[in-house]
Amino acid sequence: MSLPVINAPEFEAKVPSSGQKIFFRPFLVKEEKALYVAMEGGQQSEMVNTVSKVIQNCITSEEEINVSNLAYFDLEYLFLKLRSKSVGEVVDLKFKHVSKPDCPGVTPVSVNLDDIEVKFADEHTDKIMITDDVGIKLKYPTINSVGNLEGQDVDSIFNYVVDSIDYIYDQEKIYEDTNKKELKEFIENLSQEQFQKIMTFFNTLPKLAKTITFTCAECGEEETITVEGLQGFF
């Protein structure tokens, strides 16, 4: 005997980095279970991979979309939208004072996930002029490139930067057919000042963020904090 098939509702969202419209369904019980298992495991890589797989499963757009090619902040944003439509728009968080760390008060605050957006800094750009004539086009880190950033050591950061290069250009040509060795040599031959120009791209990457104002339940003083990144909302 065949059981009835329950059709899931469909929602839409826009990918922050490109403005592309996508359609998705809420995640199912089996997918929510996978998320809980990954969360209980405590491994960041396992959690990120599970989130990526769940988002991929839930996208219903006719156009083929590979979430592993999306910017990492796109992935975080889409998961917030997915969680909102699957579990509920409101999450209950708890905050302590930042400006008054001696206060023991912990204040519950309800946050609507649909109010959270990706913030783009005014000074952020993906095209950096190294000299008056030579520039570099950078691409946003994906789930794979972030996963390859194993630590804060020099080699990891250096490879992270190299992997984020889309192409190099000057007034006459765009240099797209380059290999990793050539790109490494290019970066190694920059001055510290030129390299810091590139790092501005990473230091101002778009991110999930929301400014929250609450009144401390212990001392009654008002506090304003900015919560950033996916983990800050769970």
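**Strands and loops**

Tutor: Strands here are DSSP runs of E with at least two residues, helices are H or I runs of at least four residues, and both are numbered from the N terminus. Two strands count as paired if DSSP finds at least two bridges between them. Before we go on, this is a predicted model, so local features need pLDDT of at least 70 and side-chain atom pairs count only at pLDDT 80 or more, while totals for chains, interfaces and linings use all residues. Residues are numbered from 1 along each chain as its sequence is written, and side-chain values use heavy atoms, with hydrogens and water left out.

Student: Which residue is the bridge partner of Phe11 in strand 2?

Tutor: Phe24 is the partner of Phe11. The hairpin of strand 1 and strand 2 has 6 residues between the strands, and Gly19 there takes a positive phi near 80 degrees.

Student: And which residues of strand 2 are on the covered face, and which on the uncovered one?

Tutor: Ile22 and Phe24 form the covered face, whereas Lys21 and Phe23 form the uncovered one. In general, side chains in a regular strand alternate between the two faces of the sheet.

Student: OK, new topic. Where does Arg25 lie?

Tutor: Arg25 lies in the loop between strand 2 (21–24) and helix 1 (29–41).

Student: Is Arg25 buried or exposed?

Tutor: Arg25 has a relative accessible area of 15%, so it is classed as buried. Buried means under 20% relative accessible area, exposed means over 50%, and partly exposed is in between, using a 1.4 Å probe and protein chains only.

Student: What does the side chain of Arg25 make a polar contact with?

Tutor: The side chain of Glu31, at 2.9 Å. The backbone oxygen of Asn57 also lies 3.4 Å from a polar atom of the Arg25 side chain. A polar contact is a pair of N or O atoms within 3.5 Å; within protein, one must be able to donate a hydrogen and the other to accept it, and residues adjacent in sequence count only if both atoms are side-chain atoms.

Student: Which residues is Arg25 in contact with, leaving aside neighbours within four places in sequence?

Tutor: Ala8, Pro9, Glu31, Asn57, Cys58, Thr60 and Leu82. Contact means heavy atoms within 4.5 Å.

Student: How many bridges join strand 6 to strand 7?

Tutor: There are 3 bridges between strand 6 (residues 127–129) and strand 7, and a hairpin joins the two through 5 residues. Met129 stands opposite Gly135 in strand 7. On the other pairing, Gly135 has Tyr169 as its bridge partner in strand 8.

Student: Which way do the residues of strand 7 point?

Tutor: In strand 7 (residues 135–138), Gly135 and Lys137 point one way and Ile136 and Leu138 the other way, and all are buried.

Student: What about strand 8, how many of its residues are buried?

Tutor: 4 of the 5 are buried, so strand 8 is largely enclosed by the rest of the structure. Strand 8 (residues 165–169) pairs with strand 7 in the antiparallel sense over 4 bridges, and 2 bridges join strand 8 to strand 9, also antiparallel. Tyr169 has Ile174 as its bridge partner in strand 9, and the hairpin between strand 8 and strand 9 goes through 4 residues.

Student: Last one: how many helices and strands does the chain have?

Tutor: The chain comes to 7 helices and 11 strands, and buried residues make up 41% of its 234 residues.
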